[in-house]
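Hi,

Here is the structure I promised to pass on. My notes on it follow below; have a look and tell me what you think.

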Amino acid sequence: MGGLFDLNTVSEEDDETNSGSGSIGDSMVGTTTTGGGVCIELWHACGGPAMSLPRKGSVVVYSPQGHLEHFPEGVIGGVDCGMLSSPHVFCRVLDVKLHAEAATDEVYAQVSLVPETQTIVERLKENEDETEECGEDMGRSTTPHMFCKTLTASDTSTHGGFSVPRRAAEDCFPPLDYKQLRPSQELIAKDLHGSEWRFRHIYRGQPRRHLLTTGWS
């Protein structure tokens, strides 16, 4: 049987250097998290390809009027009224925290901003290179390894397992050792709320196919 793999921490480099046995090394691309330990790649997968985030330290344009519409009438909770009168405010991103609703798994981000000084604003208006660079940063999002499949009767059976399409298994899971009689590996995955799920990935059957057995049914 193969080794134990953490799907939230597997990098492309590890895929090339690790076979179906052993553990994943310390060089990981999926461990970058913000806020409550949410995996950025998983967060983007749930948010969809249109989701984008500003980088910490970048300059963004904040629209107070759009935000003000969500406040109850007459309640602005310590917000600078002078700032709210402006159609837009240049701000620096202090922090970005990723979250997910416990009941619905809907993802959202909490972005902390601080208004830029007037000197910085004037410089940005004169030289748009920095704002254009920030716009490029906001447009980038990770491309997660993921797949979608409509469940079949055999997938939900307690005697079989979840059948994973070959291309999806090769793209999303660490490589198996096909020299084994029954190539298999133990997988660990964490959901948006940090709950840990363990699966056994095995390659078997006639014709052979990729299955998730233990932990699925």
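Cysteine 46 comes out as partly exposed, at 41% relative accessibility (buried is under 20% relative accessible area, exposed over 50%, partly exposed in between, with a 1.4 Å probe and protein chains only). This is a predicted model, where local features need pLDDT of at least 70 and side-chain atom pairs pLDDT 80 or more, while totals for chains, interfaces and linings use all residues. Residues are numbered from 1 along each chain as its sequence is written, and side-chain values use heavy atoms, leaving out hydrogens and water.

On disulfides (cysteine sulfur atoms within 2.5 Å), the count is zero. For cysteine 172, the nearest cysteine sulfur belongs to cysteine 148, 10.0 Å away.

Then the aromatic pairs (Phe, Tyr or Trp rings, the six-membered one for Trp, with centres within 6.5 Å; planes under 30 degrees apart are stacked, over 60 edge-to-face, the rest tilted). There are two of them. Phenylalanine 147 and phenylalanine 162 are stacked, 6.5 Å centre to centre with 25° between the planes. Phenylalanine 162 is buried at 7% relative accessible area, whereas phenylalanine 147 is partly exposed at 30% relative accessibility. Tyrosine 178 and tyrosine 203 have ring centres 5.3 Å apart and planes at 85°, so that pair is edge-to-face. Tyrosine 178 is partly exposed, at 44% relative accessibility.

One last thing: lysine 149 sits over the face of phenylalanine 162, 4.8 Å from the ring centre (the rule is NZ of Lys or CZ of Arg within 6 Å of the ring centre and within 35 degrees of the ring normal).

Cheers
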